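Let's walk through this protein with an eye on the links between its side chains. Have the model open and follow along.

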Amino acid sequence: MKTIIALTALLAAASAAPSCDECKQGVGKLVDNLLLDESLDLQLLLLNNLLCPMTEDPAGCVTGFNNQWKAVARAVYPVFLDGAKVCVDLGACGAKSFLSEETCDDCTAGVNAIAGLAVMRENVLEVIEYLKGDGYCAGSADPAYCQ
């Protein structure tokens, strides 16, 4: 009896996780949504209102974000939110799903897990180095200032 209960619990746990392909598709949709003009405008509003007041030059911070954020986001999101890499990091590629559709809770947990990856120190430092080089600054009008 315990074996049947354990097997049932194992199958339920396995079926709750999205498959690798479902994960990649979901991350792709997330990136598409993050790059919509309305989303970029909302991101700017949040950055300007939450981060800039904490800087030494809030007005300069707002100007900088307003001038640069959309281009930075377009450079960063497709590279650092690549579905294949993100889904491997989340452990979705390697587990098999028995469900054809994930639930809202699965999706919410996945987005929260992606947010957790985004703020990991080593990932933040990787993004900064990428932006300093070919990812953004190398193509800017003033690469030295950009860095």
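Let's start with Asp41, which counts as partly exposed at 40% relative accessibility. Keep in mind that this is a predicted model. The side chain of Asp41 meets that of Lys70 in a salt bridge, 2.8 Å from N to O. That pair links distant parts of the chain, with Lys70 in helix H4 and Asp41 in helix H3, 29 residues apart. Lys70 comes out as partly exposed too, at 25% relative accessibility.

Now look at Arg74 and Asp37, whose side chains meet in another salt bridge at 3.3 Å, N to O. Here again distant parts of the chain are linked: Arg74 sits in helix H4 (residues 58–80) and Asp37 in helix H3, 37 residues apart. Arg74 is partly exposed at 42% relative accessibility, and Asp37 is partly exposed at 43%. Side chains of opposite charge can pair when their charged atoms come close.

The structure holds four salt bridges in total. One of them joins Lys85 to Asp89, with the closest N and O atoms 2.9 Å apart.

As for solvent, Lys85 is partly exposed with a relative accessible area of 41%, and Asp89 is partly exposed at 42%.

## The disulfides

There are four disulfides in the structure. If you count the bonded cysteines along the chain, they pair up as 1-6, 2-5, 3-4, 7-8.

Take Cys23 and Cys87: a disulfide joins them, S to S 2.0 Å. Cys23 lies in helix H2 (residues 20–34) and Cys87 in helix H5 (residues 83–90), so the pair ties together parts that are 64 residues apart in sequence. Their S-S torsion is about -95 degrees, so this disulfide is left-handed. Are these two cysteines buried or exposed? Both Cys23 and Cys87 are buried.

Next up is the link from Cys52 to Cys61, also listed at S to S 2.0 Å. The torsion about its S-S bond is about -70 degrees, so the Cys52 and Cys61 disulfide is left-handed. Cys52 is buried, with a relative accessible area of 1%. Cys61 has 16% relative accessibility, and because buried means under 20%, Cys61 still counts as buried.

What about cover for the two ends? Cys137 is buried, at a relative accessible area of 3%, whereas Cys146 counts as partly exposed at 27% relative accessibility.

## Out on the surface

One more cysteine deserves a look: Cys104 counts as exposed, at 62% relative accessibility.

Which residues make up the nonpolar surface patch? Leu42, Leu45, Leu46, Leu50, Leu51 and Met54 do, and the patch covers about 620 Å². Among them, Leu45 lies in helix H3 (residues 37–51).

Conventions. Residues are numbered from 1 along each chain as its sequence is written. This is a predicted model: local features need pLDDT of at least 70, side-chain atom pairs count only at pLDDT 80 or more; totals for chains, interfaces and linings use all residues. Side-chain values use heavy atoms; hydrogens and water are left out. Patches are made of residues with over 30% relative accessible area and no salt bridge: like charges are joined within 9 Å, nonpolar side chains (Val, Leu, Ile, Met, Phe, Trp, Tyr) within 5 Å. Accessible areas come from the Shrake-Rupley method with a 1.4 Å probe; for residues, only the protein chains shown count as cover. Helices (H or I, at least four residues) and strands (E, at least two) are DSSP runs, numbered from the N terminus. A disulfide is a pair of cysteine sulfur atoms within 2.5 Å. Buried means under 20% relative accessible area, exposed over 50%, partly exposed in between (1.4 Å probe, protein chains only).
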